[in-house]
Amino acid sequence: MVATMTRLWMAASALVVFVVASILVLTTLSREREYQRLMAEGDAALADEQTYVAIEAYSGAIALKNDAMIAYLKRGETYRRRGELDAALRDLRAAARLDPQATRPAELLGDVNHALERYDRAAESYRACAELDDRNPRILCKLGIALYRAGDATGALLPLRKAINLDDRFGEAHYVLGLCLHARGQTREATEAFEEAVRLAPALVAAREELAAGYRLAGRTREAIAQLEAVAALEPDRVDRQVAVGLAYARAGRTDIAVTLLGRAAEQYPNSVGIYQALGRVWLDAAEPRRDRVALRKAVEALEPLSRQPGASSETLGLYGRALLAGGDIAAAEAALLQSSRTLPIDLDALLWLSVASERLRHWESAADALARWVALAPETQSRRASVLERLGDARQRLGDADRALRAWQQAAATADVSVALLAKLAAAEIAAGQGEAARRTIGRGLERDPGNGALLALQRRTKEPVVPR
């Protein structure tokens, strides 16, 4: 009896185990089928650009299997498409954590961080991806780009050159290599890299633009124009490309060709402010050296209607003011240039022309303000900085502000290449301010360049006498 009961109990237990196992298997199979259905639904929605539906489907799949890397990856990619980059980062990090050996999550993490301008983090992600697959030139190029944008042009060279070694027809890698070389001051090598990029990828506009800029700086005007013409042909619907070609011909002294090209562009785009502004600039540049009244009239005709438009740019108003100044209408020129100086973003050249107009009208406060604003806004490396600071000191002196005039001249003299006349002016101001030792150094600097300079020798004699602060 006991044995019979034992056998019955064992049979019942086995049956229960079988039933439970069957239920678990069926449940797992059902969950797997539902997971696969949701993933397929998300893929189909994504193919139809229904990104919200795709996210809902992938979210359902993640709820069923929260350890499924591919579901997090696809939802992260979808968030990226929608521009929801923080959500994309969250999912892509989860995908990378679930499968550290997968390259796609690491690459996409780099792409999202790059889009967020977190270039250091983008480089970290691309580097991790490259460690998993060091034979992928695309990833290596992305690493190079991220390092370049993070300010490490030197560090970018190695992955870029490796990408080129793996695929020597990779035009974009040659282009980014050119950017890095240019940032390092290797101008000739940069030009060669841009040339190779254009040869391999003729439609790579960015490389042609860099090449045009390099040719222009090297005085290779014809080649620079050829690149700009190629860019205009590649992007025929962009007015600014045609304007760039016209202005390039004008800089080369071919005003006739520039006017013809811009005139044709104006016929095609009669409402384009950029074209008429360029025409005004070309006529003005042609008029000023020769005081050509006909060219000046055409410049005014092109620019005056633009200056009256609501929202006229600082550059437009500045050019119009400059044209009025060239024509002798100084008061009207100052008014236009003042308006330009109050319009954002400010055209730096307009500030200099405003200072000229104000000086001619003896409006020294306005002139000094324009020059001081230029100094504050212009890059430290601007080649005109010393001359502008000297003029600022002159304006301050005329206003009776000797201390600020002295500071401006001292800033001007701090640059490497300054005139002996400025050094004499500065030394006199330093003597007047009781800065005898500074004056002696300034005089010595000037006499090294012009030992017989009468003004400096007279100042030197003064510094041997007691210097009394004013």
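**Close-up 1. Helices H7 and H9 run roughly parallel to each other.** In this predicted model, helix H7 (residues 137-149) packs against helix H9 (residues 171-183) at an angle of about 25°, and their axes lie 10 Å apart. Because angles under 35 degrees count as roughly parallel, over 145 as roughly antiparallel, 65 to 115 as roughly perpendicular and the rest as oblique, this pair belongs to the roughly parallel group. Axes here are lines fitted to C-alpha atoms, for helices over the stretch in contact, with angles running from 0 to 180 degrees between N-to-C directions; helices (H or I, at least four residues) are DSSP runs numbered from the N terminus. H7 passes H9 in a left-handed crossing (the near helix is turned anticlockwise from the far one by less than a right angle). On the H7 side, look for Cys141, Gly144, Ile145 and Tyr148, which meet Glu172, Ala173, Val176, Leu179, Cys180 and Ala183 of H9 (contact means heavy atoms within 4.5 Å). By class, this contact has eight nonpolar, one polar and one charged residues; Ala, Val, Leu, Ile, Met, Phe, Trp, Tyr, Cys and Pro count as nonpolar, Asp, Glu, Lys and Arg as charged, and the others, Gly among them, as polar.

A note on conventions: residues are numbered from 1 along each chain as its sequence is written, and side-chain values use heavy atoms, with hydrogens and water left out. Since the model is predicted, local features need pLDDT of at least 70 and side-chain atom pairs count only at pLDDT 80 or more, while totals for chains, interfaces and linings use all residues.

**Close-up 2. Helices H5 and H6 are roughly antiparallel to each other.** The axes of helix H5 (residues 103-115) and helix H6 (residues 119-132) come within 8 Å and cross at roughly 160°. Their crossing is left-handed. H5 brings Thr103, Ala106, Glu107, Leu109, Gly110, Asp111, Asn113 and His114 to the contact, and H6 answers with Tyr119, Arg121, Ala122, Ser125, Tyr126, Cys129 and Leu132. Sorted by class, the contact residues of H5 and H6 are seven nonpolar, five polar and three charged.

**Close-up 3. Helix H24 meets helix H25 in a left-handed crossing.** H24 (residues 436-449) and H25 (residues 454-463) have axes that come within 10 Å and cross at roughly 150°. That makes H24 roughly antiparallel to H25. The contact involves Ala439, Arg440, Ile443, Gly446 and Leu447 from H24, together with Leu456, Leu457, Leu459, Gln460 and Thr463 from H25. Six nonpolar, three polar and one charged residues make up the contact of H24 with H25.

**Close-up 4. The largest pocket holds about 270 Å³ of space.** On a 1 Å grid over the protein atoms alone, a pocket is an open set of points with protein on both sides within 12 Å along at least five of seven lines, and lining residues have an atom within 4 Å of a point. Of the 13 residues that line the largest pocket, Ala212, Arg216, Leu228, Ala248 and Arg251 are the closest to its centre. Helix H11 (205-217), helix H12 (221-234) and helix H13 (239-251) each supply at least two lining residues. The lining divides into nine nonpolar, one polar and three charged residues. Volumes are the space filled by probe spheres set on the grid points, which are joined across faces, edges and corners.

**Close-up 5. The second largest pocket has a volume of about 210 Å³.** Arg216, Leu247, Ala250, Arg251, Thr255, Arg281, Val282, Asp285 and Ala286 form its lining. H13 and helix H15 (273-290) are the elements that give two or more residues, and H15 gives the most, with four. Four of the lining residues are nonpolar, one is polar and four are charged.

**Close-up 6. The largest cavity has a volume of about 50 Å³.** A cavity is a set of points where a 1.4 Å probe fits but cannot get out, and a search of the whole structure finds one of 30 Å³ or more. Its lining consists of Arg281, Gly318, Leu319, Arg322, Asp347, Asp349, Ala350 and Trp353. Helix H17 (314-326) and helix H19 (348-360) are the elements that give two or more residues. By class, the lining has three nonpolar, one polar and four charged residues.

**Close-up 7. A cis peptide bond joins Leu344 and Pro345.** Its omega is about -10°, and Pro345 sits in the loop between helix H18 (330-341) and H19. Most residues other than glycine have a negative phi, and most peptide bonds are trans.
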